[in-house]
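Here is a short tour to read alongside the model. Please keep the sequence and the 3D view open as you go.

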Amino acid sequence: LFDDVYPFYLLQRKVFVFDVSTIIVIVVFLTFACSFLLIIPGIRGRARLYWTFRVLLSLTMGVVIVAVQFTGDWETGWVTANTSYKSFSHALVNVDIGLHVGLAGVNVTLRGNPLNQVNETIDYNEHFAWSFDADYDHSYSEGLERGLPTPILYVAEKFTMQSPCSMQRQYRISSHYASATLWVAFCTWLISNMLFSMPVLVYGGYMLLVTGAFMIFSLLSFSTVRNSLMCPIQFGTAILRTGYGGSFWLTLVIGLLCFVAGISVVALHYFNLDLLKTFFDLHEDKAEEYQEMTEVYVNPHFVSKGL
């Protein structure tokens with residue numbers, strides 16, 4: 001004890017939206033995009049515009065599919081409340097409490113209004129992971145040993161295995177299935193790019209449709225948790241309510257974009273193949289396509305014999 005107060009140990013905290021893994025994914029895809037922009041001046045004519053649109057659109061789909069695996073805002077919620085700050089203390093503080101659910105765990109945010117209260121700076125963000133190689137209950141026990149503020153521990157306790165709410169079991173299963181279907185969508189996205197480069201355009205369009213379908217399946221998997229009965233997270237009269245976050249809606253937009261792109265490619269293949277070939281820079285000259293012969297040489301010896 002330090003002046004009859006449990007000590008607080010400052011550790012490296014993880015932001016609730018972006019972390020190192022997300023930044024690495026974005027940097028990798030930006031490197032691919034910049035590399036393409038360096039060679040784009042070598043493409044002549046209107047094909048330069050088509051190449052730029054196709055490559056940037058495809059990279060956008062890929063970076064979203066991978067990046068949302070590591071973001072922490074699939075479901076978010078905030079509440080402002082007057083609550084106790086420490087165990088064994090009757091002092092009340094006015095704080096903003098945030099809950100941010102990702103596919104790999106939850107982040108609990110605590111921010112004071114104002115930041116400096118009870119002679120301390122109240123600005124916390126703690127991550128509790130539930131991935132396959134993580135032990136959520138162990139992370140919660142470490143938080144107890146470090147003496148985290150009471151609101152953070154109260155919210156985190158709702159997701160422990162011992163909690164009667166069973167919120168971790170619900171969120172963990174739905175998140176694992178959502179993550180798995182997103183990785184399948186990433187594989188089908190890679191296959192679609194291979195098919196477009198072969199080129200087998202119509203099959204590339206079909207694989208884009210499959211990519212969009214798996215992204216929608218991931219959203220359906222994650223949203224199933226909201227159909228179950230949820231334990232209330234209440235601070236006095238204030239209740240922390242959550243809703244779908246930015247990563248959820250971004251995944252939905254990119255999934256619908258995959259559907260639109262796939263349907264467009266398949267429709268053009270059956271109704272306007274020339275336009276599709278022009279967009280993919282595959283349009284050939286008709287004379288070369290039909291191999292027309294402009295001159296014919298005949299041996300007069302065979303003509304004289306009636307052959």
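## Ground rules

Buried means under 20% relative accessible area, exposed means over 50%, and partly exposed lies in between (1.4 Å probe, protein chains only). This is a predicted model, in which local features need pLDDT of at least 70 and side-chain atom pairs count only at pLDDT 80 or more, while totals for chains, interfaces and linings use all residues. Residues are numbered from 1 along each chain as its sequence is written, and side-chain values use heavy atoms, with hydrogens and water left out.

Helices (H or I, at least four residues) and strands (E, at least two) are DSSP runs, numbered from the N terminus.

## The loop between E3 and E4

Asparagine 119 sits in the loop between E3 and E4 and has a positive phi of about 60 degrees although it is not a glycine. Asparagine 119 counts as exposed because its relative accessibility is 83%.

Valine 118 is in the loop between E3 and E4 too, and its phi, near 45 degrees, is a positive value in a residue other than glycine. With 38% relative accessibility, valine 118 is classed as partly exposed.

## Two salt bridges

A salt bridge is a side-chain nitrogen of Lys or Arg within 4 Å of a carboxyl oxygen of Asp or Glu. The model holds 2 salt bridges. In one of them, glutamate 120 pairs with lysine 86, with 2.5 Å between the closest N and O atoms. That pair links distant parts of the chain, 34 residues apart: glutamate 120 belongs to strand E4 (residues 120-129), and lysine 86 to the loop between strand E1 (75-84) and strand E2 (92-101). Lysine 86 is buried, as its relative accessible area is 17%.

Glutamate 126 and arginine 146 also meet through their side chains in a salt bridge (3.3 Å, N to O). Here strand E4, with glutamate 126, is tied to helix H3 (residues 136-146), with arginine 146, across 20 residues. Glutamate 126 is buried at 8% relative accessible area, and arginine 146 counts as buried at 17% relative accessibility.

Asparagine 107 is part of strand E3 (residues 105-117) and, at 2% relative accessibility, counts as buried. Its side chain makes a polar contact of 2.8 Å with that of histidine 127. (A polar contact is a pair of N or O atoms within 3.5 Å; within protein, one must be able to donate a hydrogen and the other to accept it, and residues adjacent in sequence count only if both atoms are side-chain atoms.)

Strand E3 also contains proline 114, which is joined to asparagine 113 by a cis peptide bond with omega about 0 degrees. Another cis peptide bond runs from methionine 198 to proline 199, with omega near -5 degrees. Proline 199 is placed in the loop between H5 and helix H6 (201-223).

## The largest pocket

On a 1 Å grid over the protein atoms alone, a pocket is an open set of points where a 1.4 Å probe fits, with protein on both sides within 12 Å along at least five of seven lines; lining residues have an atom within 4 Å of a point. Grid points are joined across faces, edges and corners, and a volume is the space filled by probe spheres set on the points. The largest pocket holds about 630 Å³ of space. It is lined by 27 residues, and Arg54, Val55, Phe196, Phe279 and Phe280 are the closest to its centre.

Helices H2 (47-67), H5 (167-197), H7 (246-271) and H8 (273-279) each supply at least two lining residues. H2 gives the largest share, 8 residues.
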